[in-house]
Amino acid sequence: MRGSVTDRNRRCPMNTQQSRTMAVVGAGVIGLSWARLAHRHGWRVTITDPRPDLGELIESEFGTDDRVSWTADLAEAVRDADLVQENGPERLPVKQQIFAEILRAAPADAVLATSSSSITASLIAADLDNAGRIVVGHPFNPPELMPLVEVLPGKKTDESTVTRAVALYTELDRVPVVIRKELPGFVANRLQKVLSSEATYLVQSGVVSVEDLDTILQNSIGLRWATIGLFEGNVLGGGPGGARHLFAGVGAEVGKIEAGKPSSEPEAMAELIENIEATYGSGEQNYERLVAKRDRRTNAVLEALAKVDDRPAVYPSPSV
Ligand SMILES: NC(=O)c1ccc[n+]([C@@H]2O[C@H](COP(=O)([O-])OP(=O)(O)OC[C@H]3O[C@@H](n4cnc5c(N)ncnc54)[C@H](O)[C@@H]3O)[C@@H](O)[C@H]2O)c1
């Protein structure tokens, strides 16, 4: 099956790289978000996924637009791509099989990126020849809003692939950061994991409710880290004496605190999930409501930061 639809809703892209094509492999949560990002930047987007409702899904997302096409045929989808962004299931054999096919069909100069949160380019490329074009391009959900893309070359990745991946993500107004060691979870998710672990421990121990934990986070380090970095905050925390003063003073005491160990017992986890659902709800309508809230608030932060920095806003979501 293949389809394309005529442009009914062109959204005045900030960056008109009309000649670029992104092939989106896997049209789930992440793939569709990449597709929306590329589309808003004036790129052509070809989308492939074995799901039987692919055509309906793409039409409901993009209406009629001749810059968007879909096909169940992976080779056809990647044939003209500048950037192949793979977003299939997080399973190594599936990704290995998808990339073997992408390697055969994609143009010789295309960047072949996986959105994988945990599977490295080295593992995907282990049994593949000519795999110098394969790289991890890991976004934060949703890629259309979150600027970060962690770019991780594997053992076989060519340096020119890294350079081109960085250039392409920059054209999409993302903020690519190249990570040179393939540690599980890369960087952002490793940081998030540590914080989530302590948050779980604090809720399970009855120190704080789910709601209050989030209130504390949003009104302290969340806001701080949206505006300045962690280490930059250390400099400020020490006053004019800077990070040296902080580490010698307050930092020395805080450094003695030991992280809590949350329970992963099924009962404890079930209770936590019940708590989270009681606080934030569940179900499809609730999901839509939370997505709209997240998009609205994230865009507000991005736009406000762009304004104070006197630079163009990172491409805003049309839902704003
Ligand atoms: N969800 C997140 O928060 C998040 C964040 C960053 C990165 N990622 C990564 O993005 C990738 C996709 O995650 P997701 O959350 O969008 O998953 P998802 O389950 O929403 O989507 C996966 C899609 O892949 C499709 N698919 C199945 N087999 C396929 C095949 N052989 N070829 C092409 N498509 C196929 C499925 O039909 C489905 O639509 C994963 O590698 C994940 O690690 C996810």
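Which of the 21 residues around the ligand come nearest? I opened my notes with this point, bearing in mind that the model is predicted. I found that Ile 30, Asp 49, Glu 90, Lys 95 and Ser 117 are the ones that come nearest.

Entry: For Lys 95, the N or O atom belongs to the side chain, and I recorded 2.8 Å to an oxygen atom of the ligand. Ser 117 also contributes a side-chain N or O atom, and I recorded 3.0 Å between that atom and a ligand oxygen. I then looked up the cover: on its own the ligand has 830 Å² of accessible area, and the protein covers 71% of that.

**Entry: the site.** I located the ligand in the second largest pocket. I asked which elements give two or more residues to the shell around the ligand. They are helix 1 (29–40), helix 4 (92–105) and strand 7 (134–139). I also sorted the shell by class and listed eight nonpolar, nine polar and four charged residues.

**Entry: domains.** I noted a division of the protein into domain 1, residues 2–178, and domain 2, residues 188–282. Taken over C-alpha atoms, the centres of domain 1 and domain 2 are separated by 33 Å.

Entry: Asn 130 is not a glycine, yet its phi is positive, at about 50 degrees. The peptide bond that joins Asn 141 and Pro 142 is cis, and I recorded an omega of about -5 degrees.

Conventions:
Residues are numbered from 1 along each chain as its sequence is written. This is a predicted model: local features need pLDDT of at least 70, side-chain atom pairs count only at pLDDT 80 or more; totals for chains, interfaces and linings use all residues. Side-chain values use heavy atoms; hydrogens and water are left out. A residue is near a molecule or strand if one of its heavy atoms lies within 4 Å of it. A polar contact is a pair of N or O atoms within 3.5 Å; within protein, one must be able to donate a hydrogen and the other to accept it, and residues adjacent in sequence count only if both atoms are side-chain atoms. Accessible areas come from the Shrake-Rupley method with a 1.4 Å probe; for residues, only the protein chains shown count as cover. On a 1 Å grid over the protein atoms alone, a cavity is a set of points where a 1.4 Å probe fits but cannot get out, and a pocket is an open set with protein on both sides within 12 Å along at least five of seven lines; lining residues have an atom within 4 Å of a point. A molecule sits in a cavity or pocket if more than half of its atoms lie within 2 Å of its grid points. Helices (H or I, at least four residues) and strands (E, at least two) are DSSP runs, numbered from the N terminus. Ala, Val, Leu, Ile, Met, Phe, Trp, Tyr, Cys and Pro count as nonpolar, Asp, Glu, Lys and Arg as charged, and the others, Gly among them, as polar. Domain bounds come from an automatic or database domain assignment.
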